[in-house]
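This report goes through a few local features of one structure. Please keep the sequence and the 3D view open while reading.

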Amino acid sequence: MNKETITVTSPLLPNLDEFHEMLKEIWASKWITNNGSFHKRLEQALAEYLKVPYISLFTNGTLPLLTALQALRITGEVITTPYSFVATTHSIWWNGCKPVFVDIEESTCGIDPNKIEAAITPKTTAIMPVHCYGKPVNMDAIQAIADKYGLKVIYDAAHAFGVEVNGESVLAKGDMSTLSFHATKVYNTLEGGALVMHDEKTKQRIDYLKNFGFAGETEVVAPGINSKVDEVRSAYGLLNLKQVDSAIAARQKVAIRYREALRNVPGIRFFDDIPGVRHNYSYFPIFVDAEKYGMTRDNLYFKMKEHGVLGRRYFYPLISSFSTYRGLPSATSENLPVATKMANTVICLPLHHALSKDDIEKIISIIIL
Ligand SMILES: Cc1ncc(COP(=O)(O)O)c(C=O)c1O
């Protein structure tokens, strides 16, 4: 990649000397995986940071989605949105369930609670909303529907690390929530993820499931999977946790500058902060109205690229338009007008803790024609 290229994100990396010290400890202990001491420390530190009582580490953000559906014995149909990363819908498919797509709200890009009830059938057993870009969905409205119809709620909170509403973590809601600690996320453990639950029994069951279903040396209680996190990544995760607050603060500064510069550009729309929400500034999506802006989204995207600025069209194409899913009755664009519009107009601008002032101004000057 060209030295001058500005990428959409840049991984938060721990201090190499500190990491080396931890590696020495791991080498000395000769305990490199299977619930070692760094693994235990990271689970505890994350539970404290995220203000949740129970959390289980996973090797990525996809396996907790798969495992949550398994643990809750979800069958039949699962309501979700197509405006997400493919893993959300794939997890439903891999559990032998049918994804049912519901449209999103323009204000958050999350599922529109007003459209959920119409998608419920006798086969519906769960709702899987996504806190897209870390913007909290309307969790009270979703829970009210789930309670009324006896449905489980599994939040894909892959983007919502550290996001709080009125001082409470978004991860406290629903039956379970999942996180991704992929390199591109606000907080990363190289690859990684987690599942958040609300009681000890469920944590125990999840810990069995992520270790092949083993509940002791010789007993297997369920058809589990392998999602055990090793000591090296756990140590890395502990170090990154120390700097995640300053990374979020740096991201916030970039978002503030983007908003200031782009507020009055005709045809460019973006999200403002929501009062009472602690945002994590994981993404900075802009939505391009071609008529008012004088250029299509794709033309702007390629213009940025020509100048070495790599925005990303998250989430385009919609999951519902991929070959596996486009035959589903709920996958039509008539059923998904808002998601279709957002997918066709979005560009996520570069946003990370290490973006320089010069780079920010360069990106802005390309967008301001
Ligand atoms: C919304 C969403 N769900 C799930 C995932 C899957 O996470 P991972 O890549 O860690 O498996 C991602 C991310 O990459 C995501 O953005």
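## The ligand and its surroundings

A polar atom in the side chain of D156 is 2.7 Å from a nitrogen atom of the ligand. The structure shown is a predicted model, and the distances in this report are computed from that model. The side chain of S180 also reaches the ligand: one of its N or O atoms lies 2.7 Å from a ligand oxygen atom. On its own the ligand has 380 Å² of accessible area, and the protein covers 91% of it.

How many residues surround the ligand, and which are the closest? There are 14 in the shell, and the closest are G61, T62, D156, H159 and S180. Sorted by class, the shell holds nine polar, three nonpolar and two charged residues. As for location, the ligand sits in the largest pocket.

Strand 6 covers residues 164-165, and two bridges join it to strand 11. These two strands run antiparallel. Within strand 6 and strand 11, V165 and V277 stand opposite each other. In general, strands of a sheet pair through backbone hydrogen bonds, and the pairing is either parallel or antiparallel.

## Backbone details in two loops

Y314 and F315 are joined by a cis peptide bond with omega of about 5°. F315 belongs to the loop between helix 9, residues 297-306, and helix 10, residues 337-345. The peptide bond from Y316 to P317 is also cis, and its omega is near -5°. P317 is likewise placed in the loop between helix 9 and helix 10.

Another backbone angle to look up is phi of K51. Where is K51 found? K51 is in the loop between helix 2, residues 37-50, and strand 1, residues 54-58. The phi angle of K51 is near 60°, a positive value in a residue that is not glycine.

Notes. Residues are numbered from 1 along each chain as its sequence is written. This is a predicted model: local features need pLDDT of at least 70, side-chain atom pairs count only at pLDDT 80 or more; totals for chains, interfaces and linings use all residues. Side-chain values use heavy atoms; hydrogens and water are left out. A residue is near a molecule or strand if one of its heavy atoms lies within 4 Å of it. A polar contact is a pair of N or O atoms within 3.5 Å; within protein, one must be able to donate a hydrogen and the other to accept it, and residues adjacent in sequence count only if both atoms are side-chain atoms. Accessible areas come from the Shrake-Rupley method with a 1.4 Å probe; for residues, only the protein chains shown count as cover. On a 1 Å grid over the protein atoms alone, a cavity is a set of points where a 1.4 Å probe fits but cannot get out, and a pocket is an open set with protein on both sides within 12 Å along at least five of seven lines; lining residues have an atom within 4 Å of a point. A molecule sits in a cavity or pocket if more than half of its atoms lie within 2 Å of its grid points. Ala, Val, Leu, Ile, Met, Phe, Trp, Tyr, Cys and Pro count as nonpolar, Asp, Glu, Lys and Arg as charged, and the others, Gly among them, as polar. Two strands pair if DSSP finds at least two bridges between them. Helices (H or I, at least four residues) and strands (E, at least two) are DSSP runs, numbered from the N terminus.
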